[in-house]
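I set out to record what I looked up in this structure, entry by entry.

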Amino acid sequence: MSQVPIWFERKFEFSFPVELHPNLSARLRGTPARLEETLRGCSHKILIRKTQEKWSAQEHAGHLLDLEPLWLARVDDYVAASDQLTAADLKNRKTHDSNHNASTPEQILTDFRAARERLLKRVDELDTSLFARAIPHPRLKVPMRLVDHLYFVAEHDDHHLARIWELINAVR
């Protein structure tokens, strides 16, 4: 049984100062390295092992890659001053359809690192005033500042890293 809290049951408080955006960017920059470290040395059999018809460790890694276009689209929502953030596919069809277990972990890691670099390059180009702009999140139904969005992405990364760690260590 997983000890990682269910993502869709998580509640978020966005009360920290907007000036934390460099810290959050640093945290997001570290995710590819942390993911690589977590997967390093694991056998293919362990990485693609599924329990209770849930995602394998490698599918969780692929899911991180699958969501990078959403995170980038939401950054663009802040630039465009959209009425609402781009909605996620709550059924995660892209991850279910991608067959990440047929890929290599190296390819997922390379693609994820490149996608995350694109996201952070876009964030780094923004005027700092945008980090305080708030737009309603479609699922959470709360206004989310751009700095909150970065926190949300970092928490999502950590959620899946924790689950990957749990899956890998369950069989070691």
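This is a predicted model: local features need pLDDT of at least 70, side-chain atom pairs count only at pLDDT 80 or more; totals for chains, interfaces and linings use all residues.

I located H137 in the loop between β1 (134-136) and β2 (143-145). Leaving aside neighbours within four places in sequence, I found H137 in contact with R74, L85, V142, M144 and F152. I also noted Q84, which is 53 residues from H137 in sequence, with a C-alpha to C-alpha distance of 6.3 Å.

I next turned to the nonpolar cores. The largest has 26 residues, of which W71 and L146 touch the most other members. I listed α1, α3 (57-80), α5 (105-124) and α6 as the elements that give two or more residues to this core. The largest share, six residues, comes from α6. For W71, not counting residues up to four places away in sequence, I recorded contacts with R116, L119, H149, F152, V153 and H156. I noted another core apart from the largest one, with 16 residues, among them C42, L65, L109 and I164.

Last, I examined helix α1 (residues 21-39) against helix α6 (residues 146-169): their axes come within 9 Å and cross at roughly 20 degrees. The contact includes L24, L28 and L35 of α1 and L150, V153 and L161 of α6. I divided the residues of this contact into 13 nonpolar, four polar and five charged.

How values were computed: Residues are numbered from 1 along each chain as its sequence is written. Side-chain values use heavy atoms; hydrogens and water are left out. Axes are lines fitted to C-alpha atoms, for helices over the stretch in contact, and angles run from 0 to 180 degrees between N-to-C directions. Helices (H or I, at least four residues) and strands (E, at least two) are DSSP runs, numbered from the N terminus. Contact means heavy atoms within 4.5 Å. Ala, Val, Leu, Ile, Met, Phe, Trp, Tyr, Cys and Pro count as nonpolar, Asp, Glu, Lys and Arg as charged, and the others, Gly among them, as polar. A nonpolar core is a set of buried Ala, Val, Leu, Ile, Met, Phe, Trp, Tyr and Cys residues joined through side-chain atoms within 4.5 Å. Buried means under 20% relative accessible area, exposed over 50%, partly exposed in between (1.4 Å probe, protein chains only).
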